[in-house]
Amino acid sequence: MALKISTVGNSTNIKWHSCSVGKLERQELLRQKGCVIWITGLSGSGKSTLACALSRGLHSRGKLTYILDGDNVRHGLNSDLSFRAEDRAENIRRIGEVAKLFADAGLICIASLISPYRKDRSACRAMLPEGDFIEVFMDVPLQVCEARDPKGLYKLARAGKIKGFTGIDDPYEPPLDCEIVLQQKGPECASPCEMAEEVICFLEEKG
């Protein structure tokens, strides 16, 4: 039987090596199903706060999770990338690939990042088997996010000190077919724990 050698992107002469221990065996060991929970929304919408509450809620149920936070990943793996459109796409592609590996390892991977463009989020969804990508949209109006401005970034963007800032001079494309929408229209909103419970209920319903 001929050895199959592949070319993927700029990588040539490579071969996929399989192992007898697969995703099903890892899931049985961990007693959970690996998946990716992708939290998207404007800066200041509460993505990271929800991710932490969700991780805590799942941990308390004996589930192993890992958070891929957009800012945290830029401290290491993606520190070479800017916020230009092409670099943002690469940032999301890399995080999608890492999230896929975590899910394949049997973990519940929580990815929390603005990810403003639908095509980039769709590309990450396409990396995983159907049902393993759960998109959570933090539907919080720009004026609410800007009033919060936890990092002071909106103020800098309005002053012209940050260019290409999502929601100000760069678009955010809300999901059209996400699994969960967590909405806030006025000043009152559910607590992070309440929102986390809503996501956990969805996961339990889907097994």
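# Report on the predicted protein chain

Ser115 counts as buried, with a relative accessibility of 2%. The classes used here are buried (under 20% relative accessible area), exposed (over 50%) and partly exposed (in between), with a 1.4 Å probe and protein chains only. The model is predicted: local features need pLDDT of at least 70, side-chain atom pairs count only at pLDDT 80 or more, and totals for chains, interfaces and linings use all residues. Residues are numbered from 1 along each chain as its sequence is written, and side-chain values use heavy atoms, with hydrogens and water left out.

**Overall architecture.** The protein chain has eight helices and seven strands; these are DSSP runs, helices being H or I of at least four residues and strands E of at least two, numbered from the N terminus. Its radius of gyration is 18 Å, close to the 17 Å from the globule rule for 207 residues, so the chain is as compact as a globular protein of that length. That radius is taken over C-alpha atoms, and the rule is 2.2 Å times the number of residues to the power 0.38. The C-alpha trace spans about 65 × 40 × 30 Å along its principal axes.

Of the 207 residues, 43% are buried. The chain exposes about 12100 Å², of which carbon and sulfur atoms supply 56%; accessible areas come from the Shrake-Rupley method with a 1.4 Å probe. Contacts (heavy atoms within 4.5 Å) between residues at least 6 apart in sequence join residues at least 24 apart in 73% of cases. The mean positions of the 28 positive and 28 negative charges are 3 Å apart, where Lys and Arg count as positive, Asp and Glu as negative, and His and the chain ends are not counted. Each charge is placed at NZ of Lys, CZ of Arg, CG of Asp or CD of Glu.

**Cysteines.** No disulfide (a pair of cysteine sulfur atoms within 2.5 Å) is found in a search of the whole structure. For Cys124, which is in no disulfide, the nearest cysteine sulfur is that of Cys109, 11 Å away. For Cys201, likewise in no disulfide, the nearest is that of Cys193, at 13 Å.

**Accessibility of selected residues.**

| Residue | Relative accessible area | Class |
|---|---|---|
| Cys124 | 1% | buried |
| Cys201 | 37% | partly exposed |
| Arg26 | 22% | partly exposed |
| Arg121 | 2% | buried |
| Asp149 | 16% | buried |

Arg26 lies in helix α1, residues 23-30. Not counting residues up to four places away in sequence, Arg26 touches Val21, Asp104 and Ala105.

Arg121 is in helix α5. With the exclusion of residues up to four places away, the contacts of Arg121 include Trp38, Thr40, Phe133, Glu135, Tyr172 and Glu173, together with Ser115, Pro116, Pro174 and Pro175. The C-alpha atoms of Arg121 and Ile92, 29 residues apart along the chain, are 7.6 Å from each other.

Most residues other than glycine have a negative phi. Ser115, which is not a glycine, has a positive phi of about 40° and lies in the loop between β5 (108-112) and α5 (118-126). Asp149, also not a glycine, has a positive phi of about 35°; Asp149 sits in the loop between α6 (142-148) and α7 (153-158).
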